Amino acid sequence: MVKVGDAVTFYDQLNVPRVALVTCVHSETYINVVSVSSDVMNTDPYGRQIVRDSSVPVKSEQTKAGRCFEPLQ
């Protein structure tokens, strides 16, 4: 089971994988994550902006591609 602060593989709505950090664990199958924006134009004075996603299901529970996570191997 993942815990707050763990790195996971997050698949965005386009099913593109990226590394994200767990910010909240709702259950064994749903978490909240934060990741760096994949849009290179999405910047501010601190650098690339972050993106938050909530209630992200584990990949094995997801019935369609995208917006899910798996623990890092």
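Two strands pair if DSSP finds at least two bridges between them; strands are DSSP E runs of at least two residues, numbered from the N terminus. With that in hand, I looked up strand 2 and strand 3: they run antiparallel and are joined by 4 bridges.

Housekeeping: this is a predicted model, where local features need pLDDT of at least 70, side-chain atom pairs count only at pLDDT 80 or more, and totals for chains, interfaces and linings use all residues. Residues are numbered from 1 along each chain as its sequence is written, and side-chain values use heavy atoms, with hydrogens and water left out.

Pairing. I found Val34 in strand 3 as the bridge partner of Leu21, and a hairpin of 4 residues joins strand 2 to strand 3. On to strand 1: 5 bridges join it to strand 2, again antiparallel. Ala7 has Leu21 as its bridge partner in strand 2. In the hairpin of strand 1 and strand 2, with 5 residues between the strands, I noted Asn15 at a positive phi near 65°.

Asn32. I placed this residue in strand 3. Is Asn32 buried or exposed? Asn32 is buried at 16% relative accessible area (buried is under 20%, exposed over 50%, partly exposed in between, with a 1.4 Å probe and protein chains only). Its side chain makes a polar contact with the side chain of His26 at 2.7 Å (N or O atoms within 3.5 Å, one able to donate a hydrogen and the other to accept it; residues adjacent in sequence count only if both atoms are side-chain atoms).

Ala20. Leaving aside neighbours within four places in sequence, I get contacts (heavy atoms within 4.5 Å) with residues including Asp6, Val8, Phe10 and Val33.
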